[in-house]
Amino acid sequence: MEIVTKKRLQLYSGRAHPELADEIARHLGVALGDAHVRSFANGEIHCQFEESIRGSDVFIIQTHSDNVNESIMEQCVLLDAAKRGSAKRITAVCPYYGYGRQDRKAENRTPITAKLVADMLTVAGADRMVSVDLHSGQIQGFFDKPVDHLTAMPVLVDYLKPYAGDDLVVVSPDAGRVRVAERFAQHVGADLAFVHKRRPKGSKNQVEAKGVIGDVDGRRCVIVDDMIDTAGTIVAAAEILKESGATDVWCMATHGILSDPAVDRLKNSEFSRVVITNTLPLPSEKQIDKIEVLSIAPLFARTIDAIFEDSSVSDIFGGDHLS
């Protein structure tokens, strides 16, 4: 007897950002499955897949947003259910990877929580992980499974190119992001600058901008970063750019976390435009005129399709999707 097996792609989402999952499903041309996720009165999370996933290639989409701890735990519960449901391969799709900033021991007696999250996802059942613009590339090494580390740069660059000109300067908000800003500048044909900053010892969300390295006088500046959390870093950078003679200042970032008081800071800042992607949901109370949201769904859809077809992701994107 000869049995011909058929591959089957099944897509599921947690409750953190269902809008993004729906958009990815539309781009793939598949129906988003029902994982029937719910919480008990005491906060415990439960799920049950409404159809058989035995032998399927299962993708579980969950961005680690808002209540980051609950989002991660919910994804782990979904992964465990898929593993126990005999899925052939399970891929954790994490548009925003929680705890990414805790990727090393910066001080004595501190955890490396980004590694802990990687262990949790792997033990729960993930055979592969997909994310975009991790806070640092070394997080890929925390997984013993394959990792597809994407970058939103193609999406942001395509948006910026029509506005590019001889007076455009791409600015890194600190020395640590210079390499990423340099690549960004090369793609749009702009000059490069960076802000020298100092973070007071022991502080978590405070920053002092000390100066600008590069020529920004009389020029339009675009600050490029991986995330906007409380917006302290980029707002301080925008102020010093204006003081240094910049005529206009934008900010472009992949992840719009926008923890309080980020929205108020951005509203009252020197920025004329703030461009982010939809890796994280943007509640209506945080939507202001300065903020523009670009869709990252096509990037994830093409990556999921490549994984499902066992194709080379780099062949599809030409390498520009990798950070």
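This report describes the fold of one chain in a predicted model, from the whole chain down to single residues.

## Basis of the values

Residues are numbered from 1 along each chain as its sequence is written, and side-chain values use heavy atoms, with hydrogens and water left out. Because the model is predicted, local features need pLDDT of at least 70 and side-chain atom pairs count only at pLDDT 80 or more, while totals for chains, interfaces and linings use all residues.

## The whole chain

The chain holds nine helices and 14 strands. Helices (H or I, at least four residues) and strands (E, at least two) are DSSP runs, numbered from the N terminus. The radius of gyration is 21 Å, close to the 20 Å from the globule rule for 323 residues, so the chain is as compact as a globular protein of that length. This radius is taken over C-alpha atoms, and the globule rule is 2.2 Å times the number of residues to the power 0.38. Along its principal axes the C-alpha trace spans about 75 × 40 × 35 Å.

Of the 323 residues, 51% are buried. Buried means under 20% relative accessible area, exposed over 50%, and partly exposed in between, with a 1.4 Å probe and protein chains only.

## A parallel sheet

An open sheet is formed by five strands in the order β1-β4-β5-β6-β7, with parallel pairing. Its edge strands are β1 and β7 (147-150), each of which pairs on one side only. Two strands pair if DSSP finds at least two bridges between them. Strands β1 and β4 are joined in the parallel sense over five bridges, and Tyr12 stands opposite Ile60 in β4.

Helix α1 (residues 18-28) packs on the sheet, where it touches β1 and β4, and its direction makes about 160 degrees with that of β1. Helix α2 also packs on the sheet, touching β1, β4 and β5, at about 165 degrees to the direction of β5. Contact means heavy atoms within 4.5 Å. Axes are lines fitted to C-alpha atoms, for helices over the stretch in contact, and angles run from 0 to 180 degrees between N-to-C directions.

Strand β4 (residues 57-61) runs parallel to β5 and is joined to it by five bridges; Ile61 stands opposite Val93. Four bridges join β5 to β6 (residues 128-132), again in parallel, and Ala92 has Met129 as its bridge partner in β6. The chain crosses from β5 through helix α3 (residues 113-124) to β6 in a right-handed β-α-β crossover. A crossover is right-handed if, with the strands pointing away from the viewer, the path from the first strand over the helix to the second runs clockwise.

## Helix α2

Strand β4, helix α2 (residues 68-84) and β5 make a right-handed β-α-β unit. The buried residues of α2 include Ile72, Val77 and Leu79. Those buried residues pack against β1 (9-13), β3 (45-46), β4, β5 and α3. Just after α2, Ser86 has a positive phi of about 70 degrees.

## Residue Val249

Val249 lies in strand β12 (residues 248-256) and is buried, with a relative accessible area of 0%. Beyond its neighbours within four places in sequence, Val249 has contacts that include Cys221, Leu241 and Phe271.
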